[in-house]
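Reader: I am new to reading protein structures. Could you show me one and talk me through its contacts?

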Amino acid sequence: MFGAFRPSNVNSVGLLWKTPWKLSVTRKANARARLKKVDAVIEAVRASGVQTASLARALELPKEHEMPARDKYTVFSPHAKGYRKGIHKVPKWTRLTLRTNPKGF
């Protein structure tokens, strides 16, 4: 009961990881920088002359400067009010390509 392996108050009371309801200015800037870095890598691979199916799909995606702010910071969610939720609510959002959404959303 009072040993080395007793549960901590934080774990037994509520959520351990709290997610803010909106992105901070810094996190938005980091997301934009990440999109620009991905665009630079796609452009470098295209310039090298390599042709693959994944490169063809990547070239169809919009570039960071072509994307509206709505698509940069939110994603489609059929369960959210207004059918949009913050991109930071998506698990592993920094590793996924979330540049396209269904038409009309």
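Predicted model: local features only at pLDDT ≥ 70, side-chain atom pairs only at ≥ 80, totals over all residues.

Reader: How many nonpolar, polar and charged residues does the contact of α2 with α3 have?

Author: Ala, Val, Leu, Ile, Met, Phe, Trp, Tyr, Cys and Pro count as nonpolar, Asp, Glu, Lys and Arg as charged, and the others, Gly among them, as polar. Sorted this way, the contact of α2 with α3 has 5 nonpolar, no polar and 1 charged residues.

Reader: How many helices and strands are in the protein chain?

Author: Both are DSSP runs numbered from the N terminus: helices are H or I with at least four residues, strands are E with at least two. Along the sequence the pattern reads α-α-α-α-β-β. The chain therefore has 4 helices and 2 strands.

Reader: Which residue forms a salt bridge with Glu-43?

Author: A salt bridge is a side-chain nitrogen of Lys or Arg within 4 Å of a carboxyl oxygen of Asp or Glu. Here the closest N and O atoms are 2.3 Å apart. Both residues lie in helix α2, 3 residues apart, about one turn of the helix. The partner of Glu-43 is Arg-46.

Reader: Why does Arg-46 count as partly exposed?

Author: Buried means under 20% relative accessible area, exposed over 50%, and partly exposed in between (1.4 Å probe, protein chains only). Arg-46 counts as partly exposed because its relative accessibility is 42%.

Reader: Asp-39 and Arg-99 meet in a salt bridge too; how many residues apart are they?

Author: Their side chains come to 2.8 Å, N to O. The pair links distant parts of the chain, with Asp-39 in helix α2 (residues 25-48) and Arg-99 in the segment after β2 (84-86). Both Asp-39 and Arg-99 are buried.

Reader: Are Lys-72 and Glu-64 buried or exposed?

Author: The side chains of Lys-72 and Glu-64 meet in a salt bridge at 2.8 Å, N to O. As for accessibility, both residues are buried.

Definitions and conventions. Residues numbered from 1 in each chain as written. Heavy atoms only, no water.
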